[in-house]
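Here is a colleague's note for someone meeting this structure for the first time. Please read the points with the sequence and the 3D view side by side.

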Amino acid sequence: LLAHLARSDDLFESAAVDKGMVMLVFGLPGYDLVFKVIRDRFAYPKSVTRRDVLRSYELVFRHDRVGRLVDAQEFEQLRFPRERFAPELLDELLADAGSTIEDDGETVTFGHLYTERRVTPLNLYLRRTDKDAARRALLDYGQAIKELAAANIFPGDFLLKNFGVTRHGRVVFYDYDELCR
């Protein structure tokens, strides 16, 4: 990541996803990872807590992902140069997740965040792709649910926006805030 930052003029910006009620998601254009920060407060009707979200990610780290859960990496005290952030993104991060973010004017330090592989949210993919690709994705979505169930993983809900399509066309689950056995 640091090598990419050193050779790129890209700014961190909000990721191309529907706004999440639990996480803020952002990334660098063309970079294969996104960064996810837990919000300070969750939008209604979410009833999970920050601790619940952390436990869900711990389950992902310990459990067989059956190729259907996006790998996540956890970081603490991760710092980036402030000038790398689009101003509107930085404002949103500080307003909605300020308890875990410090801005000293030169660097932005995240007390805690996750990185995940960038995927195209399934709901957006279906709007943008042709009929045959959409059909394949929907069939794979059903297969992903079946494989997760066989591995004793329940996504919490089955919203299309919580599943994504990898660059190889595989449907995976990536929204872990309500994930359980």
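1. Strand 3 and strand 8, the latter made of residues 113-117, pair in the antiparallel sense over 4 bridges. Two strands are said to pair if DSSP finds at least two bridges between them, and the elements themselves are DSSP runs numbered from the N terminus, with helices (H or I) of at least four residues and strands (E) of at least two.

2. This is a predicted model, in which local features need pLDDT of at least 70 and side-chain atom pairs count only at pLDDT 80 or more, while totals for chains, interfaces and linings use all residues. Residues are numbered from 1 along each chain as its sequence is written, and side-chain values use heavy atoms, with hydrogens and water left out.

3. On the partners of strand 2, strand 1 (residues 13-14) pairs with strand 2 in the antiparallel sense over 2 bridges, and strand 2 also pairs with strand 3 in the antiparallel sense, over 5 bridges. V25 stands opposite K36 in strand 3. The hairpin of strand 2 and strand 3 has 5 residues between the strands, and there G30 takes a positive phi near 80°.

4. How many residues of strand 3 are buried? The number is 5 of 6, so strand 3 is largely enclosed by the rest of the structure. Strand 2 (residues 23-27) is mostly covered, with 4 of its 5 residues buried. Here buried means under 20% relative accessible area, exposed means over 50%, and partly exposed lies in between, with a 1.4 Å probe and protein chains only.

5. The largest nonpolar core has 29 residues, and those with the most contacts inside it are V171, Y176 and L179. Helix 2, helix 5, strand 10 and strand 11 (171-173) each supply at least two residues of this core, and its largest share, 5 residues, comes from helix 2. A nonpolar core is a set of buried Ala, Val, Leu, Ile, Met, Phe, Trp, Tyr and Cys residues joined through side-chain atoms within 4.5 Å.

6. Leaving aside its neighbours within four places in sequence, Y176 is in contact (heavy atoms within 4.5 Å) with S56, Y57, V60, L69, V70 and E116. Apart from the core described above lies another core, of 19 residues, among them V37, A86, L90 and V108.

7. Some backbone details deserve a careful look. Most residues other than glycine have a negative phi, and most peptide bonds are trans. The peptide bond from Y44 to P45, however, is cis, with omega near 15°, and P45 lies in the loop between strand 3 (33-38) and helix 2 (50-62).

8. Q77, a residue other than glycine, has a positive phi near 55°, and is found in the loop between strand 4 (72-75) and strand 5 (78-81). Q77 is exposed, with a relative accessible area of 52%. N152, which is not a glycine either, has a positive phi of about 65°; its place is in the loop between helix 5 (131-150) and strand 10 (163-165), and at 40% relative accessibility N152 counts as partly exposed.
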